[in-house]
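Welcome! Have a look at the sequence and the structure below, and then let us walk through a few of their features together.

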Amino acid sequence: MASARSRTVSKAGPMPRAADVRARARADGAAEQPPSGAADPSDAEEEILAAHADAQARLDAQGAALSDALLRRMRAAAPHIDLETPIAEARLAIRQIEGRFAAQCAQAQARAALARTDLDGFRERNGLRRAAVYPASTALQAGLLVVAAVFEALFSATLFAQESEQGLLGGAAIAVGLSGANVAIGFLSGFLGLRYLQHVRLAPRIGGGVALAIGAALGLALNWFAANWRQFTLGGAQDLYAPTAFNLLGLTEPQAVILLMLGGGVWVFAALKGYSGFDDPYPDYGKLDRAAQRAADDADALREEARESIEEAVDACGKTVRIALSTVQKAADGRIAAFDEAAAALSALDEQSRACAASAADLVAEYRRANAAARSTPIPEDVSSPRLQGAPPRIDRLTAASDALDAARREDAQTQALAADHLQRLAQDMEDACSRLGGRSP
């Protein structure tokens with residue numbers, strides 16, 4: 001009889017209100033229901049239990065749906081990236097660039113080696129134990145010569161202007177010509193004379209001495225003639241060699257002496273610039289050193305051009321790989337966010353389940369209190385409600401998603417390690433290619 005009653009009242013419905021439960025309990029108590037010896041819950045308790053079971057079933061269905069949706073979302077978030085294709089394309093580009101530059105680099109290295117061999121042989125033959133010394137740019141040295149010539153011309157112009165029929169302009173023209181010739185003779189005396197005096201072979205030393213002697217004689221003659229001409233034109237037809245209180249090489253006028261000393265100083269300055277201002281003091285040493293340096297720089301420039309082309313290919317591959325890894329990271333962040341969101345939602349469902357169980361237990365307790373108060377006989381003592389002992393654990397719903405998350409993390413770590421290994425090998429391929437193209441010349 002009790003079982004039949006249970007089957008008829010077990011139909012699920014909404015959770016009854018507390019007032020309705022108390023009213024029904026009082027009515028059942030007045031009717032002495034359920035009987036004191038009953039072993040099954042009353043119809044009212046069965047309805048409460050059925051409503052609780054229905055609510056729990058809905059919550060369980062929502063939890064299962066959340067778990068399945070999370071697993072699908074995590075599986076769909078796994079990106080498919082291709083690391084092999086960009087790496088293979090970069091390696092192919094390296095081989096192509098190396099093949100394009102190999103012959104040019106070999107030729108440039110051969111020219112640099114030949115120039116260095118010529119320089120070393122020259123140093124050995126001439127007993128040179130020092131590096132070549134010469135200015136990186138001759139513009140400053142040329143400017144100093146021009147300044148010296150202008151200085152002499154400005155000073156001489158004032159001396160020649162008095163005797164020139166054209167006045168200051170004519171004197172300036174004469175002074176410019178004189179200073180230009182003086183600087184040119186002095187420069188050639190140093191460049192062709194002084195430099196060759198230290199040559200290891202006798203013939204060049206003799207030639208240098210002759211050139212220096214000729215240059216010195218020309219410079220002295222030019223400046224002495226200019227000074228005498230200045231004195232002759234100033235003093236008219238007087239005897240240039242008449243004894244006076246002051247006489248320097250036959251010059252008695254202070255202006256003439258100053259002109260001679262100025263010209264001699266400019267000549268010496270120009271000779272020193274010709275000796276070491278424009279090139280190494282030892283003949284041909286600077287020329288061979290510059291040739292070797294240019295050949296080495298050309299080889300290095302060609303190699304750097306090849307390296308830049310290779311680096312562009314490697315950088316493009318690295319950029320592609322980094323974009324792929326950023327996609328992997330974004331997917332990983334999305335999986336973690338989805339997992340946290342689903343965990344929070346399942347936690348809320350568990351809270352609702354516990355609240356539903358507590359509400360059902362409270363209704364059953366309220367029913368029994370009201371029923372006991374309204375009846376004259378004792379209520380059944382062995383009636384129990386095991387289905388209200390607590391909400392079932394739901395943490396197992398995240399097990400599959402957690403396993404999938406861990407597997408995705410391991411796969412992402414493997415992908416990152418593989419990408420790092422590929423990029424490291426690619427960098428080594430680049431260095432090997434550059435090494436085969438040749439290093440800097442010694």
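## The largest pocket

Which residues lie nearest the centre of the largest pocket? They are Ala78, Pro79, Arg335, Glu411 and Asp412, and the lining has 14 residues. Before going on, please note that this is a predicted model, where local features need pLDDT of at least 70 and side-chain atom pairs count only at pLDDT 80 or more, while totals for chains, interfaces and linings use all residues. Residues are numbered from 1 along each chain as its sequence is written, and side-chain values use heavy atoms, with hydrogens and water left out.

A pocket here is an open set of points on a 1 Å grid over the protein atoms alone, where a 1.4 Å probe fits and protein lies on both sides within 12 Å along at least five of seven lines; lining residues have an atom within 4 Å of a point. The space in the largest pocket is about 240 Å³, counted as the space filled by probe spheres set on the points. Helix H3 (43-76), helix H9 (285-374) and helix H10 (399-437) are the elements that give two or more residues to this lining. Helices are DSSP runs (H or I, at least four residues), numbered from the N terminus. H10 provides the largest share, six residues. Sorted by class, the lining has eight nonpolar, two polar and four charged residues. In this scheme Ala, Val, Leu, Ile, Met, Phe, Trp, Tyr, Cys and Pro are nonpolar, Asp, Glu, Lys and Arg are charged, and the others, Gly among them, are polar.

## How the helices pack

Two packed helices are described by the angle and the distance between their axes. Axes are lines fitted to C-alpha atoms over the stretch in contact, with angles from 0 to 180 degrees between N-to-C directions. The axes of H3 and H10 come within 9 Å and cross at roughly 15°. H3 is therefore roughly parallel to H10 (angles under 35 degrees count as such, and those over 145 as roughly antiparallel). In contact (heavy atoms within 4.5 Å), Leu70, Leu71 and Met74 of H3 meet Ala400, Ala401, Ala404 and Leu405 of H10. The residues of this contact are seven nonpolar, no polar and no charged.

For H9 and H10, the axes come within 11 Å and cross at roughly 175°, so these two helices are roughly antiparallel. Their contact has 20 nonpolar, five polar and seven charged residues.

## A loop to look at

Pro34 sits in the loop between helix H2 (18-30) and H3. The peptide bond from Gln33 to Pro34 is cis, with omega near -10°. Glu32 is also in the loop between H2 and H3, and its phi is near 55°, a positive value in a residue other than glycine.

Technical notes
Parallel < 35°, antiparallel > 145°, perpendicular 65-115°, else oblique.
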